[in-house]
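Welcome! Take a moment with the sequence and the 3D view, then read on.

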Amino acid sequence: MPLPVFIAVGLAACAVIAAYAHWLGRSARQTLSDTEDALRLFQAACPDLEARQARLAGDRHAALVMLENGDAGLLYAMGSKWMARDLPAGSVKAVKRLSANRLRLILADYTMPRLTIALADENERERWIEAMENAARPPERGPIERKATA
């Protein structure tokens, strides 16, 4: 089989598989049913962190999780899976207001540099910004310990 025909058949097969997965509903983003669902998913992903409260995004594709240690956590739908992150001090570079109900998080983590969160309204957006103040604060650095050289 000539190479151009082989490439065309391969691309067509990939397109058919992607269309079939979409048709089956496998490409739909996950949604959260309630705050208990968000807490359960976050706790399963981060068992060493104690989650105490969750705020759902307006489209239910994300949740801001408040932790016992005072930090915030983030639960975000990535296709059919969930991504959970602890947001300690210094983990959020910036929080931008895109519109009355959209917020963009610029994270210090290179594996997830930015997220757009759809919120219900301006009041909810301001509550998310307030809750993330600690994550946007630079981490506190202790004194530098100098080792004696001989």
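Why does Arg97 count as partly exposed? Arg97 is partly exposed because its relative accessible area is 48%, and the cut-off for exposed is over 50%. Keep in mind that this is a predicted model. The points below start with the opening helix, move to the nonpolar cores, and end with the charged pairs.

**The opening helix**

- Helix α1 covers residues 3-23.
- With 21 residues, α1 reaches 30 Å from its first C-alpha to its last, which is close to the 30 Å expected at 1.5 Å a residue.
- Ile7 sits in this helix, and it counts as partly exposed because its relative accessibility is 45%.
- Ile7 also belongs to a nonpolar surface patch of about 770 Å², together with Met1, Leu3, Val5, Phe6, Val9 and Leu11.
- After α1 comes Gly25, which has a positive phi near 90°.

**The nonpolar cores**

- The largest nonpolar core has 22 residues, and those touching the most other members are Leu103, Leu115, Ile117 and Trp128.
- At least two residues of this core come from each of β2 (62-67), β3 (72-78), β4 (81-87), β6 (102-107), β7 (114-118) and α3 (122-131).
- Another core lies apart from this one; it has 14 residues, including Phe42, Cys46, Leu49 and Leu56.

- The model has six salt bridges by the rule used here.
- One of them joins the side chains of Asp109 and Arg85, with an N to O distance of 3.0 Å.
- Asp109 belongs to the loop between β6 and β7, while Arg85 belongs to strand β4, so this pair ties together parts that are 24 residues apart in sequence.
- Both partners are partly exposed: Asp109 has a relative accessible area of 26%, and Arg85 has a relative accessibility of 23%.
- Arg97 pairs with Glu126 in a salt bridge, where the closest N and O atoms are 3.1 Å apart.
- Glu126 is partly exposed, with a relative accessible area of 29%.

**Charged residues along helix α3**

- Glu124 and Arg127 form a salt bridge, with their closest N and O atoms 2.7 Å apart.
- Both residues lie in helix α3, three residues apart, or about one turn of the helix.
- Here is the general idea: an α-helix has 3.6 residues a turn, so residues three or four places apart point the same way.
- Glu124 is buried because its relative accessible area is 11%, whereas Arg127 is partly exposed at 39%.
- Salt bridges with shared partners link Arg97, Glu122, Arg125 and Glu126 into one network.

- Asn123 is found in helix α3 and counts as exposed because its relative accessibility is 54%.
- The C-alpha atoms of Asn123 and Leu3 are 58 Å apart, and the two residues are separated by 120 residues along the chain.

Definitions and conventions
Residues are numbered from 1 along each chain as its sequence is written. This is a predicted model: local features need pLDDT of at least 70, side-chain atom pairs count only at pLDDT 80 or more; totals for chains, interfaces and linings use all residues. Side-chain values use heavy atoms; hydrogens and water are left out. Patches are made of residues with over 30% relative accessible area and no salt bridge: like charges are joined within 9 Å, nonpolar side chains (Val, Leu, Ile, Met, Phe, Trp, Tyr) within 5 Å. Accessible areas come from the Shrake-Rupley method with a 1.4 Å probe; for residues, only the protein chains shown count as cover. A salt bridge is a side-chain nitrogen of Lys or Arg within 4 Å of a carboxyl oxygen of Asp or Glu. Helices (H or I, at least four residues) and strands (E, at least two) are DSSP runs, numbered from the N terminus. Buried means under 20% relative accessible area, exposed over 50%, partly exposed in between (1.4 Å probe, protein chains only). The expected span of a helix is 1.5 Å times one less than its number of residues. A nonpolar core is a set of buried Ala, Val, Leu, Ile, Met, Phe, Trp, Tyr and Cys residues joined through side-chain atoms within 4.5 Å.
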